[in-house]
Amino acid sequence: ILFLAGVFWMSRARSSQRSRLVFVPPSAVPSQPVHAARLTTAKRTAIDGKPTRVGSVVFAGVPVEVTAGGVAEATLNRGGRDRVLSRSQAIFSAQGNAIELKAGKVWSKVDNHSEPFRVRTDHGEARALSATFIVERTAAGETEVRVVRGSVEVEDGQHRGVVQVKRGQRLTATGSAGPVELRVLADAQPGQAVPVASVVPG
């Protein structure tokens with residue numbers, strides 16, 4: 001009888017161990033990293049706080065930081081290029097479809113694509129299907145968008161207003177705590193800005 005009881009107890013213990021191995025909570029399984037871009041230039045650049053070099057893969061959700069005097073340029077998986085400039089920090093999304101600009105300035109050149117490329121800050125989002133443009137978080141606490149080629153659509157963070165910024169124009173977005181004001185300016189001459197359009201969400 002004692003022998004049979006021992007066999008029964010060992011059988012139950014092994015069954016319990018198998019159950020614990022099978023029913024692992026999904027949150028406990030590490031997700032696979034998703035590629036976003038690959039660096040073609042890496043000067044004074046760190047990925048997730050670690051110094052990096054040309055050819056390194058940029059993973060989605062991992063911060064890319066460039067210190068003073070540096071630059072990081074990457075080819076996006078979706079097509080196109082993005083340049084994170086000096087004193088800047090950016091986080092790429094999967095396939096390089098979007099960038100969250102935490103600090104500084106990014107230069108983006110995106111090719112024709114079915115899905116818009118997006119650059120986000122606290123003030124809102126700049127998006128384009130095919131364009132070359134610069135997004136900067138200024139020292140004054142504003143977001144500035146300059147369009148070099150094509151056109152860029154900019155929407156405020158509260159989704160209350162949208163403006164189209166065309167080649168040769170720049171936009172400033174102000175007011176992160178309350179409604180965001182979008183002001184489009186055209187540089188008629190060096191050092192001179194002419195108002196083009198303004199959207200002040202209510």
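Trainee: Among contacts in the protein chain between residues at least 6 apart in sequence, what percentage join residues at least 24 apart?

Mentor: In this predicted model, the share of such contacts that join residues at least 24 apart is 35%, and the chain that makes them has 1 helix and 15 strands.

Trainee: Why does Thr132 count as buried?

Mentor: The relative accessibility of Thr132 is 6%, and buried means under 20%, so Thr132 counts as buried. Thr132 is found in strand β10, which spans residues 131-137.

Trainee: What makes the pairing of the side chains of Thr132 and Arg149 a polar contact?

Mentor: The side chains of Thr132 and Arg149 are joined at 3.0 Å, and the cut-off for a pair of N or O atoms is within 3.5 Å, so the pair is called a polar contact. Leaving out residues up to four places away in sequence, Thr132 also touches Trp107, Ser108, Lys109, Arg146, Val147 and Val148, with Arg149 again in the list.

Trainee: Which residues have the most contacts inside the largest nonpolar core?

Mentor: They are Phe92, Phe133, Val135, Val145, Val152, Val154 and Leu171, in a core of 35 residues, to which strand β4, residues 63-76, gives the most, with 5 residues. In soluble globular proteins, nonpolar side chains tend to be buried together.

Trainee: What does Phe133 contact, leaving aside its neighbours within four places in sequence?

Mentor: The partners of Phe133 include Val106, Phe117, Val119, Ala126, Ala128, Val145 and Val152, and among them are also Trp107, Ser108 and Arg146.

Conventions: Residues numbered from 1 in each chain as written. Predicted model: local features only at pLDDT ≥ 70, side-chain atom pairs only at ≥ 80, totals over all residues. Heavy atoms only, no water. Helix = DSSP H or I, 4+ residues; strand = E, 2+ residues; numbered from the N terminus. Contact = heavy atoms within 4.5 Å. Core = buried A, V, L, I, M, F, W, Y, C linked by side-chain atoms within 4.5 Å. Buried < 20%, exposed > 50% of the residue type's maximum accessible area, 1.4 Å probe, protein only. Polar contact = N/O pair within 3.5 Å; in protein donor to acceptor, adjacent residues only side chain to side chain.
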